[in-house]
Amino acid sequence: IDDVSKGYHSMALLPRAATDAAGEGTAPSDTQPSDFFVDPRFGGMGHRAILPASQVPVASGKLSDYHFWRVCCGVPEGPRDLKIDEVMPLHANLDLLDFISFSKGCYVGQELLTRTKHRGAVRRRIFTVVARDASAAAAEMQVTSVKRTDPLTAEFVVPTTESLQPTDDKDVVIFGQTNGDTKGPKQVGTLLTTSGNLALCMLRCEGAFNEVSSFEQA
């Protein structure tokens, strides 16, 4: 077997909605170019391709644009979101992003994943969270106006005085308190990839989040 990985590069072509949400740059085309395919994780991410190094076109955007858009789409990626030997695939939404097959085998952990998915309860999931300054009255956002399974739009991107980006590689723990809870704030999740006032966050769920419909009804 020959290692030919150095002779190829992976490419991402973001949709027009990504540029609209970022509020900058030239809007790309939503048409599918030759050799590109729809991102199998989530169609809203745009298109992907694996091209010979000699055929790679000049990039028209920044890597930060790609990470911003995947945060808007709720797509985890890389060691920041998917820590080795720490994150259960179901908790990282990998079953919802076509990473896992429940109809073929065998692979390590298949029995546990299948049992949890169909007979248990998935009580941790990755969500996209939106931050705003407490004093920013003009930044009120109607989260209910966006379908839970759609990417976030430009109206959710607002400037904040304090960055969500951690100052080091340590995890940022999220605390929260529900209405009527008299015991005070408790740990509800962990901050993952951040981009501006948006971030991916691993959150503990109230109830089972085994299917896409669970997000739509939340």
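**View 1. Asp81 is buried, with a relative accessible area of 1%.** Buried means under 20% relative accessible area, exposed over 50%, and partly exposed in between (1.4 Å probe, protein chains only). The model is predicted: local features need pLDDT of at least 70, side-chain atom pairs count only at pLDDT 80 or more, and totals for chains, interfaces and linings use all residues. Residues are numbered from 1 along each chain as its sequence is written, and side-chain values use heavy atoms, without hydrogens and water. The partner of Asp81 is Arg70: their side chains meet in a salt bridge, at 2.9 Å from N to O. Arg70 sits in helix α2 and Asp81 in helix α3 (residues 78–81), so the pair ties together parts that are 11 residues apart in sequence. A salt bridge is a side-chain nitrogen of Lys or Arg within 4 Å of a carboxyl oxygen of Asp or Glu. Arg70 has a relative accessible area of 2%, so Arg70 is buried too.

**View 2. Helix α2 spans residues 63–73.** Which residues of this helix are buried? They are Tyr66, Phe68, Trp69, Arg70, Val71, Cys72 and Cys73. Look for Arg70 among them: this is the residue that bridges to Asp81. Just after α2 comes Gly74, which takes a positive phi of about 70°. Helices (H or I, at least four residues) and strands (E, at least two) are DSSP runs, numbered from the N terminus.

**View 3. Asp39, Arg41, Arg48 and Glu77 are linked in a network of salt bridges.** Start at Asp39. Its relative accessible area is 3%, so Asp39 is buried. Asp39 forms a salt bridge with Arg41, where the closest N and O atoms are 2.8 Å apart. Arg41 is buried as well, because its relative accessible area is 12%. Asp39 also bridges to Arg48, with 3.6 Å between the closest N and O atoms. Both Arg48 and Asp39 are buried. Side chains of opposite charge can pair when their charged atoms come close. How many salt bridges does the count give? The count comes to nine.

**View 4. Three strands form an open sheet in the order β1-β3-β2.** The pairing is antiparallel. The edge strands are β1 and β2 (37–38), and each pairs on one side only. Two strands pair if DSSP finds at least two bridges between them. Strands β2 and β3 (residues 47–52) pair in the antiparallel sense over two bridges. Follow Phe37 across to β3: Arg48 stands opposite. Arg48 is also the salt-bridge partner of Asp39. On strand β1 (residues 8–13), find Tyr8. Is Tyr8 buried or partly exposed? Tyr8 is partly exposed, because its relative accessible area is 41%.

**View 5. Phe127, Phe209 and Phe215 form one aromatic cluster.** Rings of Phe, Tyr and Trp (its six-membered ring) pair if their centres lie within 6.5 Å; planes under 30 degrees apart count as stacked, over 60 as edge-to-face and the rest as tilted. The count comes to three aromatic pairs. The rings of Phe127 and Phe215 have their centres 5.3 Å apart and their planes at 45°, so this pair is tilted. The pair links distant parts of the chain: Phe127 lies in strand β4 (residues 124–130), Phe215 lies in helix α5, and 88 residues separate them. Phe209 and Phe215 make an edge-to-face pair, with 5.3 Å centre to centre and 90° between the planes. Both Phe209 and Phe215 are buried. For Phe215, the relative accessible area is 11%.

**View 6. Ser214 lies in helix α5 (residues 212–216).** Phe215 belongs to helix α5 too. Ser214 counts as buried, because its relative accessibility is 15%. Which residues does Ser214 touch, not counting those up to four places away in sequence? Ser214 touches Ala208 and Phe209. Contact means heavy atoms within 4.5 Å. Phe209 is also part of the aromatic cluster.

**View 7. Ala131 sits in the loop between β4 and β5 (172–176).** Ala131 counts as partly exposed, because its relative accessibility is 22%. Now find Phe156, 25 residues apart from Ala131 along the chain. Their C-alpha atoms are separated by 8.8 Å.

**View 8. The whole protein chain has five helices and seven strands.** From the N terminus on, the elements run β-α-β-β-α-α-α-β-β-β-β-α. The chain has 218 residues, and 33% of them count as buried. Take contacts between residues at least 6 apart in sequence: 62% of these join residues at least 24 apart.
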